[in-house]
Amino acid sequence: MAEAKRSEYRGNIHQRQKDLMLKWYDRLNEAAETGAPPTASLMISGNCVELLEGFGAAPIYPEVNALQLAIRHQSLDPILAAEELGYAPDNCAYVKADIGCYLKGITPTGGKLPKPDLVLCNFVGCNTYIKWFEHTAELTRSKLYVLDVPFQREDEPSRADLDYVVRQLKEVVALLEQISGRKFDYDRFAEAVRCSAQVEELWSQIKHLARRTPSPFDAYFDAITLMGPLYVYRGTPEGVEFFRAALEEMQAKVDAGEGLYDQEKFRLVIEGPPPYPYFRTFRDMFAKWKATTVASTYSTVGGLWEFGARHDPDHPFESVALHMLAHNVTNRNYLQRYEQIRRYLEEWNADGLIIHFVKSCRLFSAGQGDMRDYVTKKLGIPTLYIESDLEDPRYFAEAQTRNRIDAFFEALEHSKLGAHTHA
Amino acid sequence: MRIAAGVDVGSTQTKAVVMTENGGREILARALVDTGANVRKAADNAFLAVCQAAGIHAPEVGFVVGTGYGRYNISFGNAQMTEISCHARGAHFVCPTTRTVIDMGGQDSKAISLGKDGQVLDFVMNDKCAAGTGRFLANAAEVMGISLDDIGPLSLRATRAVKMATVCTVFVESDILSYLAQGKKPEDILGGVHLAIAKRTLSLARRIAIEPDITLTGGVARNSGMVYALEEILGTKLQVSPDSQFMGAIGAAVFALEKLDQSFEFSAWRPEHAAGSRH
C-alpha cells in the first residue's frame, strides 16, 4: 500500500534556517565561554531585539529553547525535574522545561548557554512571563527588569501607553550600558529597526502568498521554520537576506503552481500553538486529508505584520514600543484576535478553523470557547476544537485527536461534495 | 439487490449491521459481541454473526465500512469512517427529523449537530475524562451490587434523589458507599447518579446548538432511568430507538450502501485508507 506522500517542506530555506539557528546557539556558547557578546533573556512575544542590536548583544529566548527540546522529544525530563522541585502540574510546561534545564544542565544543542547579563521580561499579556523570569533571575543570579507593557483594551494604544513603554525602553538602555560596559549605539539601533521593517515587509509578502490556490507553504507547520530567524535575526542584514531568499523560493513555487500536495483539498486557519512533542504526528493528521493551513495566529506571536504594520526607523524607540503594545498576538484583546481570525478566514479563503487548546497557555487558551462560538454561529464557518499541550508530552491523546480531526474532515468533505452536486 | 454492512468496534462492544437497498434501504440483521482484548477477532465474529442472522454469506456483502476506535483493525473492511459521522448518519436514517444526536457510550460522550440532510455541522466530545459516560454507571452498579440492566428502572423509583458530590467515575464509588452508610435508599442514590450524569452530558452538549429532534444513541440509551433524567433536564422528549446501540453500525452500513450506489465518492474509499495501511 503506497504511503501517503510526505508533505514536509524541505527546501533550501529549511537548511538555511537550521544553519542560522545553529550559528545563534554557537554565539551563545561563545558568550558562555568568553563573556562576550553580552546577552539578555527575552520573551518572544513583543520582543525588543532591536534594542539589543544597539549593544551588539545576543538574545536568549527560553521559549525557543523549550520548544527545541520538545520537538526533539527531550522535554519530559526537565519538566519532571521542575515538578519534583515543586512546580505544579498546571504550571506552563515551557516554564517547567526551562527551569528543569537549569537544574539539570540541559541545553537544546548540547552547547553552553550563558548566564544572561540581563533577564528582560517584556511582559505582554502573559503574566506567567513575570514569574518565569523572576525565577530565572534568581536561579542564574542575574539582574531582572520587568518591562511592563499595558494590555490592549482599546483599538489603539494611547499616547500615555506609548510614552510609558518608551520610557522603560530607555531605562533598559541605561541599565544595559551599566551592566555590559558598552555604550548604546543609537545609529546601530536605528539600522536594526530599518532591517526589521524590511524583514517584516518580506515576511508579510510570504504570508500573502498563502492566499493563492494552492498555497506554496503551510502557514502553521512550515511557518515554524521561518519563525526562529524572525525572532533572532529580525534586526540584522542576515535576517533580511534570509527572508529575501525565502520569498524568492516561495514565489517560485507559486509561479510553478506548486502546492504541498497533488491537490490542495482543504484550506485551514489554525489558532493556538502546536503540540511540539508530537509535531510530525500532528502534521500528518492533516496531511492525510491534503489540508494546507493558509494562515495561523501562532505565527504572529513574534509580530503581526501581514496587515501593514511595520517598524519605523525614523522613530525607532516609538515603533519598538508600538510593536510591543499592538502588533503581537498576545497583547491584543479578544475582539482583535477574533477579527484577525475572521480576516484570515475570509481573505485567505479558508474552509474551516482548527482551535488547538493547550493546557499550558492560559493566554492563548482563554477565550477560545467564546471564539469557537463566534466563528461557528456568527461567521458560520466549520470549527474543530481539540486539546493537548505545547511542551508536555503527557497531554496528547493520539487516538482521540486523530478521531476528531478525521470526523471534522469527513463532515467538511461531505459538505463540499454536497455543494458540488447541488450546484 | 445491493447488500452492505457496517461494523462498529467500540471499547466495550462490537456491533454489526447488514443493510440492503431494494427500492428502499432496509436493515436485514444486527449482531453484537463483547470486544475483549482481541479487536480483530471481535470484528470477525460480529460480522460472521450478522451475516448468519441475515441468512447470507459473507461474500454477498458488497462493501463494509468500519467505525469506532477499532476500525483500522477490521481485516475485511473496505473503508473507515469516524463514529461521529456514523452516529449522525445512523440517527438520521432511523429518525429523519433528527437535528441533534447525543451519544453516550462506554467511555465516550458526544453531541452532534446535524443539518437537515443528516450532515454533520458541528460536534463536541468529552476530553481526558470519562465523567458522564457509561463507565460512571457501570462503576455505580458494581459498588451497589446491582446489575446494569436494573439500575435504570430502580432509579425511576427515586423520591428524594441524592446530590452527588463528584462526577469523577473513580471517586463515585466512595461517594455511594458513604450514602449507603448513611442509610440512603438505593433508588434515591441511583436517582442522583443518573441526574449527575445527565447534567454532565448536557453541559457538554450545550457547547453546540441543541435543536429538536434530539436522538439519543449509544448503549446508555437503553437505560430508562437515563432517558428520564435527560428529558427532565432538557425539558423535552428524546428520540430513543430500540436500535440505539447499533446507531454507529447502522450509519456505517448506510455509508457502505451509498458507496455501492456510487452516489457518493469519499476519500475514505481510497485504497490507502483500507484496513492494514499505516497512517
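Before anything else, one definition: two strands pair if DSSP finds at least two bridges between them. Keep that in mind, everyone, as we go to chain B of this predicted model.

If you'd like a spot to look at, find B:Ile3, which stands opposite B:Thr20 of strand 2.

Next, the domains. Chain B is split into domain 1, made of 2-89 plus 246-273, and domain 2, which covers 97-240. Taken over C-alpha atoms, their centres are 27 Å apart. Where the two touch, domain 1 of chain B supplies 10 residues and domain 2 supplies 13 residues. Which helix gives the most to the domain 1 side of that contact? That would be helix 2 of chain B, residues 83-94, with 5 residues.

How far should we trust the picture? Chain B has an average pLDDT of 89, and 94% of its residues score at least 70. The stretch to watch is 268-279 of chain B, where pLDDT stays under 50, although the model has 25 contacts there beyond four places in sequence. Where pLDDT is low, the predicted coordinates should not be read in detail. For the complex, the predictor gives an ipTM of 0.83 and a pTM of 0.89.

Let's finish with chain A. Here we have 16 helices and 8 strands, and the C-alpha trace spans about 70 × 50 × 40 Å along its principal axes. Why speak of a compact globule? Because a compact globule of 423 residues would have a radius of gyration near 22 Å, and the 21 Å of chain A agrees with that. Of those 423 residues, 53% are buried. Then there is the contact pattern: take contacts in chain A between residues at least 6 apart in sequence, and 79% of them join residues at least 24 apart.

Definitions and conventions:
Residues are numbered from 1 along each chain as its sequence is written. Chains are lettered from A and ligands numbered from 1 in the order in which they are written. This is a predicted model: local features need pLDDT of at least 70, side-chain atom pairs count only at pLDDT 80 or more; totals for chains, interfaces and linings use all residues. Helices (H or I, at least four residues) and strands (E, at least two) are DSSP runs, numbered from the N terminus. The radius of gyration is taken over C-alpha atoms; the globule rule is 2.2 Å times the number of residues to the power 0.38. A residue is buried if 20 or more other C-beta atoms lie within 10 Å of its own, exposed if 12 or fewer, and partly exposed in between; C-beta atoms are placed from the backbone. Two residues are in contact if their C-beta atoms, placed from the backbone, lie within 7 Å. pLDDT is the predictor's confidence in each residue, from 0 to 100. Domain bounds come from an automatic or database domain assignment.
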